[in-house]
Amino acid sequence: MLLAQDMAAVEGPMGDMHTPPQRFNSLSPVNTLPPELLGLIFTFLVRPANLQPKPRRARGTMLPDPQYDRPTQVPQMDANIVRVTHVCKYWRAVAIETPDLWASFAVFHPGLVQECLVRSKTVPLSVSIGYAVSPHVSPILGDSVHRLRSAYVFQKTKIIESIWRQQLFTRPAPSLEELFIENTERHCWMDGAPIPEDATSPLPAMFSGVIPRLRILVLKGVPMPFTSLPDTLVHLEIGGLSSVPLPSFPFFLAMLRACSSLQTVNIAGSFEGEAGPLAVASDAVALPKLERLYMELEPTRAPGVLLASLALPAHADVAVLPAVHDGGRFRTLLGVITPSSAPPCFQSFRCLRAAWDTTYQWNLQAYRETSAQSSSGRAALEIDGRDDRWALPNVPEDWAGFLYDWPFDPSQIEMLVLDHHPETEGTRGGPFFGQWDRVFGQLPALTSLTAKHLPPSEMESLLEALKDSTSRTGLVCRGLVTVKVSSKQISDRARSGLAEVALARSLGMRESLESAFQSIHIGQ
């Protein structure tokens, strides 16, 4: 009965051609909702701005991909918000009076900016600038800078300069929490083409330096626009263009010293002046909440100098990538760091993975848990030496820092993964190490060894080092119980060598062959 009455209430007006459309719309069930509730429903169309980058990581790596290291959500207005205003008079009135719908928008047309500022009332603003900014926008938006919550600028150098020159962002921003500025002329890597000299001329300080609530700061290919940063900062990413140097090393440390809440620091480029050994801070900068430090710096010793100047917590993850303008050896990347001076975050590694190929690709990963490497977990330390300008190692000493003499204490390493990638099927060339006694002599706690696609000569040298039980220090890696060899070219000599390793170790430990190893696996 109730359903029939409801149908009659709706169908009645439909049968009367003279009934005003407003009368019919008002009888729609959704339009019986109070304006406050309907406006709340509309706000689900808003996608809150989030300028903190979320890099896509390859399996097991923490190195950002410059192609995808983008903001989680750029400020913009959803097209459905405009469509809502075209449904009916009631919806339009409610939408226009709902400030949250108009507080996130792209800045390019003065009329749109003016209308959004009026409709958003006093709600904090999130804006993006991806187009040329009209001079008429500056006075309109400039008066509302105090309401800014998020600002995203993705533009060419000249447009970024015009934003400064027009004094668009020179007034205090007490509500600003996120700032992301990227120069679109910036190359993905540090060897991009130099930009004109006038593009790096001094610019006015942004927001008069008044940014007390800033949490996210990303500056890619633009100079640092602040002389100090607030303690509220949790994510800092600067650099990325060789033509725009980083601040001087002492100045950068002074900025970090005031940011004890930092959780992520990504820094790429070259410091003004020289970051030599004397630049290591005598009073280390404490970053007790830091979770991730990514460094792509030149000269090659700069990452070690910076790391030695910081006091990091035990849970911090560190990634190092050399800037391509400065070649060198793998060991120079963290040359200042030694096992005795290593930070607390280098003290508890359980798994080590070394990957290299027949050319110039070097990648070292250290994990705090042995299960992390096999479960695509993020490495606690990653040093990436992928640079085609680096020389091939000619002597075993060139492998220092990669396969031995690491910048951390390896005495607790339980799992070692050696991952060699031949350039092509059947490749026999490339660098040869052959000094595996140096490796195993530093790994007394090793229980598991995996060797993938090592050249036959390298594999034979490795097995020879394992079966040697006549050294003065006794049998190396006495706890080794698992050996996995994956190779399509394993030689008969290597196969027999593996059996000899098991036999030699079983005799050396006065145990049976079966108990010497729990697992010996040979496969592809």
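Modeller: Let us begin with helix α13, residues 456-467, whose twelve residues should span 16 Å at 1.5 Å a residue. The expected span is 1.5 Å times one less than the number of residues. The end C-alpha atoms of α13 are 17 Å apart, which agrees. This is a predicted model, in which local features need pLDDT of at least 70 and side-chain atom pairs count only at pLDDT 80 or more, while totals for chains, interfaces and linings use all residues. Residues are numbered from 1 along each chain as its sequence is written, and side-chain values use heavy atoms, with hydrogens and water left out.

Biologist: What makes a run of residues a helix or a strand, and how many of each are in the protein chain?

Modeller: Both are DSSP runs, numbered from the N terminus: helices are H or I with at least four residues, and strands are E with at least two. The protein chain has 15 helices and 21 strands.

Biologist: Why is threonine 98 called buried?

Modeller: Buried means under 20% relative accessible area, exposed means over 50%, and partly exposed lies in between, with a 1.4 Å probe and protein chains only. Threonine 98 has a relative accessible area of 10%, and is therefore buried. Its place is the loop between α5 and β3. Threonine 98 touches Gly39 and Thr43, residues up to four places away in sequence not being counted; contact here means heavy atoms within 4.5 Å.

Biologist: What makes α13 mostly covered?

Modeller: Nine of the twelve residues of α13 are buried. Among them are Met459, Leu462, Leu463 and Leu466. Phenylalanine 440 touches Leu462, Ala465 and Leu466, and its contacts beyond four places in sequence also include Leu416 and Val476.

Biologist: What makes a set of residues a nonpolar core, and which members of the largest one touch the most others?

Modeller: A nonpolar core is a set of buried Ala, Val, Leu, Ile, Met, Phe, Trp, Tyr and Cys residues joined through side-chain atoms within 4.5 Å. In the largest such core, of 115 residues, the members that touch the most others are Phe169, Phe207, Phe346, Trp436 and Phe440. A second, separate core has ten residues, including Phe42, Ile81, Val84 and Leu101.

Biologist: How do you know that β12 pairs with other strands, and in which sense?

Modeller: Two strands pair if DSSP finds at least two bridges between them. Strand β10, residues 264-272, and β12 have seven bridges in the parallel sense, with isoleucine 267 opposite methionine 295 of β12. Four bridges, also parallel, link β12 to strand β14, residues 317-320, where aspartate 317 is the bridge partner of arginine 292. Strand β12 itself covers residues 292-298, and seven of its seven residues are buried. Arg292, Tyr294, Glu296 and Glu298 point one way from β12, while Leu293, Met295 and Leu297 point the other way.

Biologist: What makes the unit of β4, α7 and β5 right-handed?

Modeller: A crossover is right-handed if, with the strands pointing away from the viewer, the path from the first strand over the helix to the second runs clockwise. The β-α-β unit made by β4, α7 and β5 is of this hand. Strands β4 and β5 run parallel, joined by five bridges, and isoleucine 129 stands opposite valine 153 in β5. Six bridges join β5 to strand β6, residues 178-183, again in parallel. From β5 the chain crosses through helix α8, residues 157-165, to β6, and this β-α-β crossover is right-handed.

Biologist: How do you know how many disulfides there are?

Modeller: A disulfide is a pair of cysteine sulfur atoms within 2.5 Å, and by this rule the count is zero. Cysteine 116 counts as buried because its relative accessibility is 1%, and cysteine 259 counts as buried because its value is 0%.

Biologist: What surrounds the buried residues of α6?

Modeller: Helix α6, residues 110-119, has Val113, Cys116, Leu117 and Arg119 among its buried residues. The buried residues of α6 pack against α5, β3, β4 and α7. After α6 comes lysine 121, whose phi is positive, near 55°.

Biologist: Which residues does methionine 224 contact beyond its neighbours within four places in sequence?

Modeller: Methionine 224 is in contact with Leu219, Ile238, Pro247 and Met255. The C-alpha atoms of methionine 224 and proline 247 are separated by 7.2 Å, with the two residues 23 apart along the chain.
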